[in-house]
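Have a look at the sequence and the model first, then read on.

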Amino acid sequence: MASPPVVVVGAGPTGVTAACLLASYGVEVLVLDRWTEVYPQPRAVHLDDEVYRVLARIGLADAFAAISRPSEGLRLQDAQHRVFAQFSRGERTGRHGYPQANMFDQPVLEGVLRDAMARHPRITFRGGVEVREVRDGGGPARVLLADSATGREETVEASFVLGCDGANSVVRRAVGATMEDLRFEQRWLVVDVNTDRELDQWEGVHQVCDTRRAGTYMRISDRRYRWEFQLVDTETSEDFASVAALRPLIAPWVAGVPDDDLELVRVAEYTFRAQVADRWRRGRLFLLGDAAHLTPPFIGQGMGAGLRDADNLAWKLAGVVEGSLPASVLDTYEQERRPHATGIIRMAILVGNAMTRGGRVGDALRRLVVPRMHRLPGLRARVLDSATPALTRGPLVRRQRRGGLGGTLCPNALLPDGRRYDDVAGGRWCLVTLDPVEAAAPFGAGSLEVLRARAGDPLGRWLTSGRSRAALVRPDGSVLAASRDVAALVAVLGEVRVSDRSTAVRWRRPAQHAWPCT
Ligand SMILES: Cc1cc2nc3c(=O)[nH]c(=O)nc-3n(C[C@H](O)[C@H](O)[C@H](O)COP(=O)(O)OP(=O)(O)OC[C@H]3O[C@@H](n4cnc5c(N)ncnc54)[C@H](O)[C@@H]3O)c2cc1C
């Protein structure tokens with residue numbers, strides 16, 4: 001076959017999402033995986049509304065809604081399972097138009113992603129092939145693969161290779177990256193149970209803050225439940241291989257349910273680690289997902305980080321492949337994503353430590369302090385808020401000051417005609433403005449959408465909350481720049497356009513687009 005511009009190594013959630021996004025931007029992709037089918041074991045169970053938007057952008061909003069259930073919030077319990085704080089979500093739909101916390105079963109979501117990939121004419125999937133080596137030197141990148149059944153080797157060439165091949169990444173070796181250890185390592189037991197019995201529990205995440213046995217419980221679907229428990233040094237998963245052996249741990253949630261009604265789907269031991277690759281790119285090779293970062297799952301963000309990587313890189317790569325963006329934009333992938341992923345991992349470590357550290361003193365302090373935290377203004381909202389940090393400053397993120405909109409995600413706000421922001425501008429450049437923009441017309445900014453906000457509507461309120469009157473939003477929804485003066489953003493457009501001749505962002509002229517629009 002002819003060489004595809006992009007080869008994706010690994011058809012896990014990161015690789016398939018990257019492929020679907022690239023294909024949606026018009027890029028041909030070859031996806032390779034050593035297995036033909038989805039990895040069947042449950043792992044991720046939570047995604048936030050920012051990542052839901054990424055799934056929506058590849059057409060999977062309804063499919064994800066059908067396989068997920070919103071979570072009601074977070075409950076903190078002590079060792080005796082007394083609730084000492086509860087943070088409940090009143091509103092189910094957040095600023096992005098979707099529930100802020102969503103529970104699901106990873107293999108089911110991966111099945112949905114694989115189906116989407118199979119439907120896409122620009123994606124070719126080859127399962128049953130092991131990638132043995134990747135090389136980037138001078139010309140196109142070369143991927144050496146072997147048929148898992150016959151061992152027959154072949155080499156595929158590509159303009160770019162995305163290493164979405166998980167924690168033991170082969171592409172990471174080729175990139176020459178090593179994992180930096182953020183110094184967290186704990187052994188946990190992960191338990192998935194199916195039951196047709198109604199457990200009648202509060203439908204949020206239950207966090208048991210007990211230094212002797214920290215634990216988490218959550219409902220995943222109509223009949224699937226997940227528990228995670230910290231293991232003590234002498235224990236292994238084999239000690240909990242039956243419902244009877246598990247009962248002492250799960251008893252508070254399954255009282256009165258006979259063993260026969262609890263079907264053990266999986267009892268597995270995981271060592272949760274926190275690591276980030278020290279480089280995410282070498283030439284034509286990129287690292288995404290678990291190949292680039294590993295996090296303990298305490299805030300349910302590992303897979304989400306992989307999907308954010310895919311979202312950040314796909315539009316830039318598509319622009320470079322089609323020639324509308326200079327290769328230099330690819331440098332911003334690691335510049336933007338590494339600090340963001342690292343920040344989220346540090347937050348997960350903080351939560352993990354808050355749950356598990358401090359011994360008896362820590363337990364007592366938590367019992368004393370946390371119930372009073374409700375009284376701190378704004379804290380409840382902070383605990384439940386799914387917003388992740390803004391991207392750091394760089395060529396495609398202009399942040400003038402704290403609290404500004406640069407680097408934040410534009411909300412998927414409801415528009416006056418009943419559509420949402422992403423229905424109109426998802427996957428495209430957009431100028432959101434409270435003021436008229438006729439002055440921008442001479443720049444003829446290519447695929448730029450213009451959305452005219454009004455003072456009282458959600459987009460208008462968002463702009464004013466960031467003390468701005470206009471924002472220039474990238475295809476992945478992040479704000480490149482915001483200003484009180486739309487003319488200043490027009491100047492940014494101008495700068496970008498001027499520097500386009502000296503290899504910065506170039507704006508494509510649209511085939512059909514009225515300017516200015518409302
Ligand atoms: C217990 C647990 C709970 C978790 N909970 C959450 C959660 O609630 N929320 C969340 O967001 N994340 C969670 N995670 C993390 C999440 O499961 C991972 O981050 C996610 O699976 C990473 O996806 P990926 O596509 O990057 O890598 P993977 O899922 O590892 O996929 C890599 C793919 O590459 C293929 N591959 C690897 N090497 C090769 C090769 N040489 N040749 C060909 N193919 C290859 C593999 O077969 C696989 O299909 C959890 C993880 C665990 C273990």
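Is His 81 buried, partly exposed or exposed? His 81 is partly exposed, because 14 other C-beta atoms lie within 10 Å. On this scale a residue is buried with 20 or more other C-beta atoms within 10 Å of its own, exposed with 12 or fewer, and partly exposed in between, with C-beta atoms placed from the backbone.

## What you are looking at

This is a predicted model, in which local features need pLDDT of at least 70 and side-chain atom pairs count only at pLDDT 80 or more, while totals for chains, interfaces and linings use all residues. Residues are numbered from 1 along each chain as its sequence is written.

The protein has 13 helices and 24 strands. Helices (H or I, at least four residues) and strands (E, at least two) are DSSP runs, numbered from the N terminus. Of its 518 residues, 45% count as buried. Take the contacts between residues at least 6 apart in sequence: 70% of them join residues at least 24 apart. Being in contact here means that the C-beta atoms of two residues, placed from the backbone, lie within 7 Å.

## Around the ligand

The ligand is surrounded by 35 residues, and the closest are Gly 10, Gly 12, Gly 166, Gly 289 and Gly 302. To be near it, a residue needs its C-beta atom, placed from the backbone, within 6 Å. Helix H1 (13–24), strand S3 (46–48), strand S9 (129–135) and helix H7 (302–322) each give two or more residues to this shell. The largest share, four residues, comes from H7.

By class, the shell holds 16 nonpolar, 13 polar and six charged residues. In that count Ala, Val, Leu, Ile, Met, Phe, Trp, Tyr, Cys and Pro are nonpolar, Asp, Glu, Lys and Arg are charged, and the others, Gly among them, are polar.

The largest nonpolar core has 100 residues, and Val 9, Ala 18, Ala 19, Leu 22 and Val 161 have the most contacts inside it. H7 gives the most to this core, with nine residues. A second, separate core has 34 residues, including Cys 430, Leu 480, Ala 482 and Leu 489. A core in this sense is a set of buried Ala, Val, Leu, Ile, Met, Phe, Trp, Tyr and Cys residues joined through C-beta atoms within 7 Å.

What does Ala 18 touch, leaving aside its neighbours within four places in sequence? Ala 18 is in contact with Val 8, Leu 162, Cys 164, Leu 288, Ala 310, Leu 313 and Ala 314.

## The six-stranded sheet

An open sheet of six strands runs in the order S8-S2-S1-S12-S19-S18, with mixed pairing. Two strands pair if DSSP finds at least two bridges between them. Strand S8 (123–126) and strand S18 (281–282) stand at the edges with a single partner strand each, so one side of each has no neighbour in the sheet. S8 runs parallel to strand S2 (residues 29–32), and four bridges join the two. In that pair, Val 31 stands opposite Phe 125.

Five of the five residues of strand S21 (residues 429–433) are buried. Side chains in a regular strand alternate between the two faces of the sheet. In S21, Trp 429, Leu 431 and Thr 433 point one way, and Cys 430 and Val 432 the other way. Five bridges join S21 to strand S22 (residues 448–452) in parallel, with Arg 452 as the bridge partner of Thr 433. S21 and S23 run antiparallel, joined by four bridges, and Leu 431 stands opposite Leu 472 there.

Helix H12 (residues 458–465) has Leu 459, Trp 462 and Leu 463 as its buried residues. Seen down the axis of H12, these fall within an arc of 100°, so they line one face of the helix. The arc is that of the directions from the helix axis to the C-beta atoms. The buried residues of H12 pack against helix H11 (421–425), S21, S22 and S23.

## Loop residues

Gly 477 sits in the loop between strand S23 (470–473) and strand S24 (479–483). Gly 477 counts as buried because it has 23 C-beta neighbours inside 10 Å.

His 81 lies in the loop between strand S5 (73–77) and strand S6 (83–88), and its phi is positive, near 65°. Asp 200, in the loop between strand S13 (179–194) and strand S14 (205–208), has a positive phi of about 55° although it is not a glycine. Asp 200 is exposed, with 9 other C-beta atoms within 10 Å.
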